Amino acid sequence: MNAIQESKGSNPRCAHADGIHAEPRGRYSRLFARPAKPVPRDQEDKLVELGEAMRYEVEREGTLTPRVGYTYFGQFLGHDLTHDTTPLEGPYAAPERTPNYRTPSFDLDHIYGGGPEKSPFLYEGEEGAETFKIGATTPTGYHRDLPVVHGMVLIGDLQDTRNLDNLILRQLHVVFLKFHNEAIRQLGAHPPTISGVENLGPGTLFERAQRLVRWHYQWIIRHDFLPRVVDTRVWNYQERRTPCPPTLKESYSVPIEFSLAAFRFGHSMVRNAYRLNCRTKRVLIGELMALGQKTSPIPDDYLIEWGTFFDGLPTSGPQASSNYIDTSVSMAMHGLSPGTIRLSNKRELPDPSNLPVRTLLRGARAQLPSGQEVAEALLAQGRIRPDDCLTSSRLVQDTCDHSGSVLREIGLGQNTPLFYYLLKEAELAAGGLGLGPVGSHIVSEVIQSALEADPDGYMSLAGSKWKLPSWRFPGGSSRPINSLIGIIQLVGDDKLLPECDAHWRRFLAYPPT
Ligand code: HEM
């Protein structure tokens with residue numbers, strides 16, 4: 001018996017220290033050809049200049065952009081699909097030989113770890129009906145944190161601690177742990193308090209609950225998240241397209257155009273500061289990162305009031321939306337701490353600490369095609385229209401920052417890094433409210449393919465028109481869960497701190513006229 005197996009209930013310190021020795025769960029692929037004119041290493045200072053210019057003078061927070069909760073749900077699902085530990089310095093193998101330490105499916109392997117057998121330190125309860133251990137905040141003890149044992153945070157497979165990146169993500173992770181626990185409770189009740197689960201298939205209570213949680217999560221990615229960030233025209237196309245061929249099943253690999261550029265669009269949605277609740281009305285994102293990574297329980301004052309992060313939940317203050325999706329990235333992302341950078345790879349060098357610069361350098365070193373090459377390929381496939389392709393004169397415009405001028409000065413206006421092109425496209429084609437046509441194609445194509453290719457996912461086993469089961473909610477009502485807020489309500493994490501709750505109730509009694 002190794003340290004991890006011994007650990008169940010008794011010795012989590014050994015469990016955490018040992019960890020699961022991560023094995024690659026997949027590899028990567030390319031959607032498009034290599035670039036005709038890659039930026040060589042001796043010209044990378046151009047990319048550094050461009051990345052450094054991708055910042056606001058004055059922050060522009062949207063009101064019609066997705067609510068801030070979707071920023072972090074995006075980060076959460078990105079961490080589920082891709083974990084590339086290639087050091088920024090390289091060497092860069094071909095994508096087909098580059099390990100992905102996450103399964104290329106939306107199966108929540110970053111929260112389930114190796115399951116109760118391989119990651120027993122995460123679980124408690126009877127064999128076959130295991131629930132996640134949940135940690136408590138301090139000093140009151142709200143069950144809203146990851147378990148912290150002997151100064152260690154028990155999370156996922158321990159080699160991948162990226163969900164500790166910030167306090168928002170850490171608490172969103174907990175929502176999913178509690179969702180699993182609720183699924184165990186409702187499926188295991190006599191009689192079950194959930195109906196419409198006949199097509200869940202066989203297995204232990206744990207396996208059925210896990211499948212139910214994964215299916216809801218997948219459904220929500222497709223119906224709650226994607227339509228908020230991708231172009232409607234593109235999304236309608238994805239809904240109608242022929243499903244990916246069965247040969248792709250179990251062998252799907254994440255394209256690097258998605259992991260190294262397109263899905264990093266979320267970096268531009270991050271705001272400088274957030275309101276968490278009525279006690280903590282403004283916290284800088286840098287502080288939220290430091291707090292998320294702390295190996296001590298979350299203080300009560302930092303409990304997230306999800307009603308500020310999503311519509312439709314109780315809240316003691318206004319809802320907040322993400323930053324515009326454009327070429328400007330929050331100042332905090334221009335100087336990440338070594339701790340943040342090392343969440344992905346413990347041996348990574350902390351420099352450069354500028355995230356847009358890292359993304360541009362990585363894209364060039366991994367030989368991503370330029371934005372123009374991708375747009376031309378999609379045009380040739382009939383996926384976009386000629387006027388969807390950005391001209392260099394539009395790309396070098398200065399809009400929200402001075403990065404357009406820099407792009408012109410460094411001579412990349414016609415051979416534009418994909419990451420930059422897609423953010424500029426979001427700004428010019430979608431007003432910064434979502435992705436433009438090229439970005440939408442990459443993001444929706446990859447997400448839809450990953451969903452279809454998952455042999456254990458709802459698209460394969462229940463079909464794309466899966467009828468959502470009906471759950472018993474805390475107030476006693478029964479209804480399906482068709483959004484993230486449904487999950488938050490189900491697990492009771494829509495509850496507010498006492499004085500915030502009082503504030504909300506006063507507001508309900510006397511709304512402003
Ligand atoms: C405070 C918020 C965030 C921080 C501090 C952060 C930080 C990072 C860092 C340090 C990397 C590795 C960079 C490199 O070495 O190339 C990374 C990668 C990545 N980020 Fe973020 N990120 C944040 C939010 C987001 C959001 C909101 C999304 C998407 C909606 C996102 C998507 C990604 C993706 C897809 C990768 C590549 C992952 C991989 O393939 O291993 N991130 N992020």
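Author: Let's start with a term: a residue counts as buried if 20 or more other C-beta atoms lie within 10 Å of its own, as exposed if 12 or fewer do, and as partly exposed in between, with C-beta atoms placed from the backbone. Keep in mind that this is a predicted model, where local features need pLDDT of at least 70, side-chain atom pairs count only at pLDDT 80 or more, and totals for chains, interfaces and linings use all residues. Numbering runs from 1 along each chain as its sequence is written.

Most residues other than glycine have a negative phi, and most peptide bonds are trans. Now for leucine 108: its phi is near 60°, a positive value in a residue other than glycine. Leucine 108 sits in the loop between helix H4 (68-81) and helix H5 (109-112). Helices here are DSSP runs of H or I with at least four residues, strands are runs of E with at least two, and both are numbered from the N terminus. Leucine 108 is buried because 23 other C-beta atoms lie within 10 Å.

Histidine 150 has a positive phi too, near 45°. You'll find histidine 150 in the loop between S4 and strand S5 (152-153), and it's exposed, with 11 other C-beta atoms within 10 Å.

Next, the peptide bonds. From threonine 138 to proline 139 the bond is cis, with omega near 5°, and proline 139 is in the loop between strand S3 (131-132) and strand S4 (148-149). The bond from histidine 190 to proline 191 is also cis, its omega near -5°. Look for proline 191 in the loop that runs between helix H7 (167-188) and helix H8 (205-229).
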